[in-house]
Amino acid sequence: LTSISAELSGHGFCWAEKQGDRGPSHPTSEVSLSAFCFLFSEMVQYYQTRVNTTQELEKKLAGAGYGVGARMLELVCFREKGSKRETRIVGILSYIKDNIWKAMFGKAADALERSTEREDEYMIHEKEPLVNTYVSVPKDFGHLNCASFVAGAVHGILDSADFGARVTAHTTQLASETRTTILVKFSPEVMERERRLG
């Protein structure tokens, strides 16, 4: 698994180095969908044999995603020469939803919204996350959401940008469609800083 994690985190898990002397400032070709799905499936199977519950498996996936997220923020900022450091909550979440999501998955996330009930909670919605698309969940892991890996990546991005938060993945039902929601709950310190900047 160490080699798989290194492969995923070292290339932002959506790039493969081309032959030649391209550096991190030049975008490279994308990894084929089948290669990514194979690597991700192997990682899920590896963790599955080492846990007893769905929650433990989701925690392991989130941990694997955390390192990827921390590196993705650095990589995307490096590639976007004129990017500035985000200091506000909506700014960093919009950056994740649009720029980083596009670098990781080839498109922006479907939606970003703030909770109407709690001011410290925000949600990133994705109708069909790539990590859930080709996964068949065993019966004994009934409600497994492999987007915990993506939640871990978002957590890593936010921690690297100094936005302490708890990030979790949930499956939500909206009318007739099911979608995945990445729920971000910011720490009291981040909310206090936001009030001071506001």
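This is a predicted model: local features need pLDDT of at least 70, side-chain atom pairs count only at pLDDT 80 or more; totals for chains, interfaces and linings use all residues.
**Notes on the sheet and the aromatic pairs**

1. Strands are DSSP runs of E, at least two residues long, and helices are runs of H or I of at least four, both numbered from the N terminus; two strands pair if DSSP finds at least two bridges between them.

2. Residues are numbered from 1 along each chain as its sequence is written, and side-chain values use heavy atoms, leaving out hydrogens and water.

3. S1 and S2 (residues 121–126) pair in the antiparallel sense over 4 bridges. Met123 in S2 is the bridge partner of Glu113.

4. On to the rings: the whole structure has 6 aromatic pairs, meaning Phe, Tyr or Trp (six-membered) rings with centres within 6.5 Å (planes under 30 degrees apart are stacked, over 60 edge-to-face, the rest tilted). Tyr46 and Tyr47 have ring centres 5.6 Å apart and planes at 70 degrees, so they are edge-to-face. Tyr46 is partly exposed at 31% relative accessibility, whereas Tyr47 is buried at 10% (buried is under 20% relative accessible area, exposed over 50%, partly exposed in between; 1.4 Å probe, protein chains only).

5. Tyr122 and Phe186 are also edge-to-face, at 5.8 Å centre to centre and 75 degrees between the planes. This pair links strand S2 to strand S4, 64 residues apart. Tyr122 is buried at 7%, and Phe186 is buried at 2%.
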